[in-house]
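Here is a short note for someone opening this model for the first time. The points go from ring contacts to one helix and then to the cores.

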Amino acid sequence: WDVKTSTDLNFSCYQNSENLYPVRPPGTETLSLESLKKIKETICELGEKYHGCTDREKVILISNYLQNLVQYVNQNNISEGQKGIYITDSQGIVVDRNVHAADNVLFNHFGVCEGIANASTLLLNNPTLNVDARSVFGSNHVWNVVQLDGKYYYMDNTWNITRNPNQYPESLKASSFNSDYLLFGQDTADAIGHHISDT
């Protein structure tokens, strides 16, 4: 975070050794200098607010922060959830490209799993909050793995939003906090059958 740069910055929140997946839409592999500054400001504000919290508490608070702000929006402003089809207003922002970008999730408050997971990684894995978090790709989905007390856990903020039993009726947005897909292990991942890592 202390790197001095005057240009946009390439970044990757996850890797694939075979370089086959994921296929990232153009423009989602860089963060602009302006976005980097805003992300750092957000992290500093959250760091002050969550000062003295344990890593576990930080993970829960960041999940709550994202669940409170972010709406799942797919291409063409149409998303299908367990409760039906949703059409959303993106305030004129081009949806098709931006849903994958972490900064769009943080500042415009909508996106798909890749943007939501990468936003989770950026908010946790930094010198201020200092939680070991990474984005994981597999099963045509992106979620997170976090390390707490030497053990690794999965965290899927996208599913906590889209499978939240308390959603707003007109959108794929949580109206209250959900922990069903927060800090679960491999046994639960196996039972779900969807969180199989390719990265």
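1. A charge counts as sitting over a ring if NZ of Lys or CZ of Arg is within 6 Å of the ring centre and within 35 degrees of the ring normal. By that rule, the charged end of arginine 56 sits over the ring of tyrosine 153, 5.5 Å from its centre. Likewise, lysine 38 has its charged end over the ring of phenylalanine 107, 4.3 Å from the centre.

2. The model is predicted, so local features need pLDDT of at least 70 and side-chain atom pairs count only at pLDDT 80 or more, while totals for chains, interfaces and linings use all residues. Residues are numbered from 1 along each chain as its sequence is written, and side-chain values use heavy atoms, with hydrogens and water left out.

3. Which residues of α1 are buried? They are Ser35, Leu36, Ile39, Thr42, Ile43, Leu46 and Gly47 (buried is under 20% relative accessible area, exposed over 50%, partly exposed in between, with a 1.4 Å probe and protein chains only). They cover an arc of only 135° around the axis, which puts them on the same side of α1 (the arc is that of the directions from the helix axis to the C-beta atoms). On the other side of α1, Glu34, Lys37, Glu45 and Glu48 are exposed.

4. The whole structure has 4 aromatic pairs (rings of Phe, Tyr and Trp, the last by its six-membered ring, with centres within 6.5 Å; planes under 30 degrees apart are stacked, over 60 edge-to-face, the rest tilted). Tryptophan 143 and tyrosine 154 pair edge-to-face, 6.0 Å centre to centre with 75° between the planes. Tryptophan 143 lies in strand β8 (residues 141-148) and tyrosine 154 in strand β9 (residues 151-155), so this pair ties together parts that are 11 residues apart in sequence. Both tryptophan 143 and tyrosine 154 are buried.

5. The largest nonpolar core has 35 residues (buried Ala, Val, Leu, Ile, Met, Phe, Trp, Tyr and Cys joined through side-chain atoms within 4.5 Å). Among the members that touch the most others are Val59, Leu123 and Leu148. The largest share of this core, 5 residues, comes from α5. A second, separate core of 8 residues includes Val136, Val145, Tyr154 and Tyr181.

Definitions and conventions: Helix = DSSP H or I, 4+ residues; strand = E, 2+ residues; numbered from the N terminus.
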